[in-house]
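Q: I am new to this structure and would like a close look at a single part of it. Please pick one place, walk me through it, and then show me what lies around it.

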Amino acid sequence: MTCSTAALLAMLLFGAASVRAADAPETATNPAVLEKGGEVFEKWCAPCHAAGPGHAGTMALAVRLGRDKSVLLERSDLVDAYVRVIVRMGFRMMPPFKETEISEAELEAVAAFVASGGGKRAIKPQAARP
Amino acid sequence: MPQAIPAGFTAAQFDQVIGELQEVVGREWVFAQEPRLNAYNDHYALRELRLHAPSAAVAPRNVAEIQKVLAVARKYQVPLWTVSTGRNLAYGSAAPQKAGSIVLDLKRMNRILEVNERHAYAVVEPGVSYFDLYNHLRSKGSRLWIDCAAPGWGGVVGNLMDRGVGYTPYGEHFMAACGMQVVLADGSVIETGMGDQPGCTAAHTYKYGRGPWLDGLFTQANFGIVTRLGIHLMPEPPGYRPYLVTFPNEEDIEALTEIIRPLKLAMLIPNAAVSVELNLEAAVSVTKAQYHSGKGPIPDSARRRMMADLNVGMWNFYAALYGPQALMDRQWQILEESFRQIKGARFFFEKDKGQEAAFGYRAKLMRGIPNLTEFSIVNWVPNGAHVGFSPMAPVDGATALSQYRFARERAHKYGFDYTGEYVVGWRDMHHIFVIFYDRDSDDEKKRVYDLMNEMIDDAAAQGYGEYRTHLDFMDRIAGTYNWNDGALGKLTQRLKDTLDPTGILSPGKSGIWPSVRRG
């Protein structure tokens, strides 16, 4: 983790930004947002983060966190704000993504899609962003 | 993240530049502050980020906006660094050679302007990725294939302009280029080849037009901005049969390469095939730590275990057959007979290994299905990053063995594994040695930097030149191309100063510096 990414994550997870998130109720994500998020995920995330062999991100997470946390959409511990930071800042081997690749609206949608396990769960909207 | 203001600018002056760029493309498409600028840095940087830090990025939507951006750049003499998708992570991604440059991000220019099924070509803008073109063709029911680099998010135009390679019979990407639209530094626009004749019907079927053929001038260069490209596509063949032949010994690369040469020249191996060394083959599906927990290169005993576990070879040759079944059957008889000359050769097909990560993604690439599986190799080391050392070789056995030993010995000297492959063209091989390191280890990055410099110098002394490189090594490699007191380099400098007198286009690309920014 680079220093800047670490600082942003620390701010996100332990700083004031997370307070609002803790107070927020869990809400089901708008279906249109989930649909858009699913499209973005399929285009930009799935080539590395889908289940099964041959996916670089899934392999990396299996090595570092174990197989039970290796497939993004099967995890229940990811919050949307965290996803947004990682996408914009990059993390370890994963490079950051530009706004010309994933717009702010698309980022919002894909973060909600991932945090909800592909729409399987309600999520608490998170305020922090990179 | 560092942000560099262009040399000679005050903050106020630079703000003025940014303001004018915002007027051209809109505020949302100028990225001048963190964190919006972060993704234009080199995520796998070997040295301090500030050395290649951009000052901003600007993303025009069309040629007219590019012309206006160029006018701003000329007015203030601020350098631009052009990228199409900026996704080649081994060579610097979207980061500029000269710190303080403004990245000219062409990703928004992502239209597929034409697909010609009858004559088998497409016309695309620079923001089109391999995934985009592939999905577009499939959605239209096209029977045309693309040829893609291993990372499917790469740009069709950007990779070709950097003279990258793929793995189908159209694997030499520049070979497939046919007709460019280019914006020059003064804002004028040209069409190359037949496209120079208004209304010409052969603009994307015949490359050369009349007179000098200029397209090559714009590859790996900084003489213009390619905004549209015609690219030949391969018609879907009636049959496709990928195969893998494994060889048990390191020295087998010599005999294998000798066998490959006449088969390539006779087009019995029609595609850009690969001879992959064990470590790189394994890295697609396992990590180094699974076989070696100590420091330094993975020992031979562990390599033997890995080879057995994965049921592969010390060298692994991937290629494919294309055509009617009867033709492929006959070709295969010749190929099998040829490879069997090497003791221990073993043969695998999709039915044997199609479900495995390595064979699976190679089989996709050799039929132009983009994917990102090869990115898995970065997991070879924890928190991995990579850079490529890429010398050219003729298809010659002694050279292949020599270059392999050359790279392996030096890699081991600096504490790294040899992780490489040969991509075999018609008469040439791109030797791609991908060096893996911990992206947060200053010690490892320093050793990689030193290793690269040593290899560049020693390779040149032995007659090996690199075809492409990372930002950090462009000048050094340019310096090894120096016949007749650097006559060719002097010519490219003269061209640069003539075509771009204010030195605004990608200064330092491939070691070509405008006179106003030299020294």
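**A pocket and its surroundings**

A: Let's start with the second largest pocket, whose volume is about 740 Å³. Please keep in mind as we go that this is a predicted model. To find the middle of the pocket, look for His49(A), Gly57(A), Leu61(A), Phe91(A) and Met94(A), which are the closest to its centre among the 38 residues that line it. By class, that lining is made up of 29 nonpolar, six polar and three charged residues.

The biggest share comes from α4(A), which gives six residues.

Chain A has six helices and zero strands, and along the sequence it reads α-α-α-α-α-α. It has 130 residues, of which 52% count as buried. Among the contacts in chain A with a separation of 6 or more, 64% are between residues 24 or more positions apart.

Two of the helices that supply the lining also pack against each other. A pair like this can be pictured with two values: two packed helices are described by the angle between their axes and the distance between the axes. Here α3(A), residues 31-49, meets α6(A), residues 104-115, at an angle of about 90°, and their axes are 7 Å apart. With that angle, α3(A) is roughly perpendicular to α6(A). On the α3(A) side, the residues that meet the partner helix include Val33(A), Leu34(A), Val40(A), Phe41(A) and Cys45(A). On the α6(A) side, Ala109(A), Val110(A) and Phe113(A) are among them. By class, this contact between α3(A) and α6(A) has ten nonpolar, two polar and two charged residues.

For a contrasting kind of space, let's turn to the cavities. Seven cavities of 30 Å³ or more turn up in a search of the whole structure, and the largest cavity has a volume of about 70 Å³. Its lining includes Tyr130(B), Leu133(B), Ile146(B), Tyr170(B), His173(B) and Leu233(B). The elements of chain B that give two or more residues to this lining are α3 and β10 (225-232). Sorted by class, the largest cavity is lined by eight nonpolar, two polar and one charged residues.

Tyr130(B) sits in α3(B), which spans residues 130-139. Is Tyr130(B) buried or exposed? Tyr130(B) counts as buried, because its relative accessibility is 2%. Leaving aside neighbours within four places in sequence, Tyr130(B) has contacts that include Ile146(B), Val156(B), His173(B) and Pro370(B).

One last stop in chain B is helix α10(B), residues 357-365. Eight of its nine residues are buried, so α10(B) is largely enclosed by the rest of the structure. Phe359(B), Tyr361(B) and Arg362(B) are among those buried residues.

Conventions:
Residues numbered from 1 in each chain as written. Chains lettered and ligands numbered in written order. Predicted model: local features only at pLDDT ≥ 70, side-chain atom pairs only at ≥ 80, totals over all residues. Heavy atoms only, no water. Axes fitted to C-alpha atoms, helices over the stretch in contact; angles between N-to-C directions. Helix = DSSP H or I, 4+ residues; strand = E, 2+ residues; numbered from the N terminus. Parallel < 35°, antiparallel > 145°, perpendicular 65-115°, else oblique. Contact = heavy atoms within 4.5 Å. Nonpolar A, V, L, I, M, F, W, Y, C, P; charged D, E, K, R; others polar. 1 Å grid on protein atoms, 1.4 Å probe; cavity = no way out; pocket = protein on both sides within 12 Å on 5 of 7 lines; lining within 4 Å. Points joined across faces, edges and corners; volume = space filled by probe spheres on them. Buried < 20%, exposed > 50% of the residue type's maximum accessible area, 1.4 Å probe, protein only.
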